[in-house]
Amino acid sequence: MKNLATIVVGLALLLVESALLEVLGLTQVSFQTSIILAVYLGTRRDFVDGGLTLAALLVPIEWLASGPGGFHMLGVSAVFFVSQVARASIQGVWGFAHVLLAVLATALHMLVMAVAMLLLMPDTVILTSMAWSSGLALLGVAVAAWPVGALLSKVDAALDPGSQTGRLEMG
Amino acid sequence: MLDLLEKHRRKLVALLLVLMPVAALGLRDEPGIGTEESPVVVEWTRGGTYATLAATHTSLAWIGEIWNSIAAGGSADEIERLEKEVARLQEEKSRLIGVLQENSRLRELVGFKQQHPEYELVPARVIGRDITPYFRVLKLRLKSSVKLEPRMPVVVADGVVGQIHEVQGHYADVIIVSDPRSRIDAVNQRNRASGIVQGLGHERDYLARIAYLSQKDEVRKGDVMVTGGMDRVFPKELIIGRVAEVARAKRGLFQEVKLEPSVDFSRLDEVFVITGAE
């Protein structure tokens with residue numbers, strides 16, 4: 001139930017981002033909701049639950065990203081794997097550490113996309129565009145990571161009140 | 001079988017997350033604009049996603065209008081009746097301004113239609129944008145049932161917007177002039193010097209560059225570049241933009257020229273798709 005709710009809310013957030021960018025007339029900026037979702041699922045779910053939830057969101061993420069097929073998706077998957085590694089050592093409540101992780105994850109996402117493009121489309125101008133947009137990409141995720149994560153945490157808390165008590169591991 | 005799946009579920013999920021992007025990379029179309037037609041299931045699912053996007057866009061625009069009218073009417077606080085009256089008039093004024101703006105946009109579009117009676121134009125509404133900062137893609141909802149094809153030109157009264165990339169029923173993705181994947185054959189309106197307008201995906205503005213413009217051709221800042229028609233995508237003589245910067249390269253055969261598109265992509269509501277010409 002919690003995972004289904006995350007899929008629905010995640011999809012709604014992605015659609016709102018796409019529509020909001022149009023209403024505000026912004027094309028150079030993005031809030032990188034897809035990366036924040038991958039970080040959230042990576043740090044707040046176990047590998048199987050988080051992975052399956054992300055898999056359900058990957059296709060709509062790819063459609064809304066509108067880039068050359070697979071590159072954005074590959075970066076988002078990589079972010080999930082790294083977030084799972086960071087999961088054990090990050091605070092339980094969504095906060096500054098997660099925002100920082102989301103910013104680092106965005107840099108990783110760009111790196112994965114760039115390496116894949118260098119291997120598969122080496123003469124593309126998209127690499128230059130990515131280099132130019134990197135600052136705004138990091139800024140976008142820094143601004144949006146906290147509210148998006150907080151909203152998803154609220155949804156989790158509403159469906160599973162025990163999930164927001166933080167992970168206090170002893171021994 | 002279930003035991004096996006249960007035992008290896010972590011590995012299977014990891015494989016799924018790796019295989020999905022790898023499959024998408026393997027199935028991707030050739031670099032450039034225009035994609036193969038999707039299977040019906042994909043078209044329906046994606047069409048459904050875009051229909052929800054259109055509804056989200058309409059709701060957000062409506063919330064924006066309400067917010068504007070509240071912000072405009074929040075100052076009066078002396079007499080309740082006058083407050084209500086002022087708020088009502090301001091809301092009406094805000095609505096009228098919206099109607100006038102839409103009227104003006106539509107008049108421009110009708111003007112464009114009258115200037116180019118030879119083109120078959122299909123109106124469409126912009127409902128969203130791509131969710132990454134690396135690409136420049138608009139999402140459109142068609143206002144008619146005409147079947148679109150990839151690579152069809154998209155224009156407004158000010159000039160060229162871009163080309164259709166993917167079509168899903170009544171919805172389409174448009175790669176705009178400044179997307180790094182965009183390539184448009186162009187000529188200088190003043191001296192017919194030809195080149196290719198390539199998007200740059202620049203961070204601050206919508207600048208593009210004009211590639212393959214010979215060192216021998218004289219190009220000045222402010223020159224208007226129009227479509228050349230050699231790419232067989234765009235009809236001839238549609239305005240793409242003005243030359244913003246000219247730098248003669250120290251080496252090589254071509255000049256380094258930057259172009260500022262004539263269309264303000266941040267303020268697009270309605271566009272036209274050119275579906276054919278007489």
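Is Ser89(A) buried or exposed? In this predicted model, Ser89(A) counts as exposed, at 66% relative accessibility. You'll find Ser89(A) in the loop between α4 and α5 of chain A. If you trace from there to Leu20(A), you cover 69 residues in sequence and 34 Å in space, C-alpha to C-alpha.

**Chain A: the helices**

Let's start with α1 of chain A, which runs over residues 2-23. This helix has 22 residues and spans 31 Å from its first C-alpha to its last, close to the 32 Å expected at 1.5 Å a residue. Its buried residues include Ala5(A), Val9(A), Leu13(A), Leu14(A) and Leu21(A). Two glutamates, Glu17(A) and Glu22(A), are also on the buried list for α1(A). After the helix comes Gly25(A), with a positive phi near 75°.

With a relative accessible area of 27%, Leu11(A) is partly exposed. Setting aside neighbours within four places in sequence, Leu11(A) contacts Leu57(A) and Pro60(A). Thr33(A) is 22 residues from Leu11(A) in sequence, and their C-alpha atoms are 9.7 Å apart.

Now for a helix pair. How do α2 and α3 of chain A pack? Helix α2 (residues 33-44) and helix α3 (residues 47-65) of chain A meet at an angle of about 170°, and their axes are 10 Å apart. Angles over 145 degrees count as roughly antiparallel, so that is the label for α2(A) and α3(A). On the α2(A) side, the contact uses Ser34(A), Leu37(A), Ala38(A) and Leu41(A). On the α3(A) side, the partners are Gly50(A), Thr53(A), Leu54(A), Leu57(A) and Ile61(A). Sorted by class, this contact has 6 nonpolar residues, 3 polar ones and no charged ones.

Next up is His72(A), in helix α4 of chain A. His72(A) is buried, with a relative accessible area of 2%. Not counting residues up to four places away in sequence, His72(A) touches Ser34(A), Ile61(A), Glu62(A), Ala65(A), His109(A) and Met113(A), plus Thr132(B) from chain B. Two of these names, Ser34(A) and Ile61(A), also belong to the contact of α2(A) with α3(A).

Over to chain B, which has 4 helices and 12 strands. Of its 278 residues, 43% are buried. The chain exposes about 15400 Å², with carbon and sulfur atoms supplying 55% of that area. Among its contacts between residues at least 6 apart in sequence, 58% join residues at least 24 apart.

Helix α2 of chain B covers residues 9-27. It has 19 residues and reaches 26 Å from first C-alpha to last, close to the 27 Å expected at 1.5 Å a residue. Which residues of α2(B) are buried? They are Val13(B), Leu17(B), Met20(B), Pro21(B), Ala24(B) and Leu25(B). These buried residues pack against α3, α4 (71-87) and α5 (96-120) of chain A.

Tyr119(B) is in strand β1 (residues 119-129) of chain B. At 10% relative accessibility, Tyr119(B) counts as buried. Leaving out residues up to four places away in sequence, Tyr119(B) touches Pro235(B), Lys236(B), Leu238(B), Ile274(B), Gly276(B) and Ala277(B). Ala186(B) lies 67 residues from Tyr119(B) along the chain, with 19 Å between the C-alpha atoms.

Most residues other than glycine have a negative phi. Arg192(B) has a positive phi, near 65°, and Glu237(B) has a positive phi near 70°. Arg192(B) is in the loop between β6 (183-188) and β7 (194-199). Glu237(B) is in the loop between β9 (224-227) and β10 (239-247).

| Residue | Relative accessibility | Class |
|---|---|---|
| Leu11(A) | 27% | partly exposed |
| His72(A) | 2% | buried |
| Ser89(A) | 66% | exposed |
| Tyr119(B) | 10% | buried |
| Arg192(B) | 44% | partly exposed |
| Glu237(B) | 36% | partly exposed |

Methods:
Residues numbered from 1 in each chain as written. Chains lettered and ligands numbered in written order. Predicted model: local features only at pLDDT ≥ 70, side-chain atom pairs only at ≥ 80, totals over all residues. Heavy atoms only, no water. Axes fitted to C-alpha atoms, helices over the stretch in contact; angles between N-to-C directions. Parallel < 35°, antiparallel > 145°, perpendicular 65-115°, else oblique. Contact = heavy atoms within 4.5 Å. Nonpolar A, V, L, I, M, F, W, Y, C, P; charged D, E, K, R; others polar. Buried < 20%, exposed > 50% of the residue type's maximum accessible area, 1.4 Å probe, protein only. Areas by Shrake-Rupley, 256 points an atom, 1.4 Å probe, with all protein chains shown as cover. Expected span 1.5 Å × (residues − 1).
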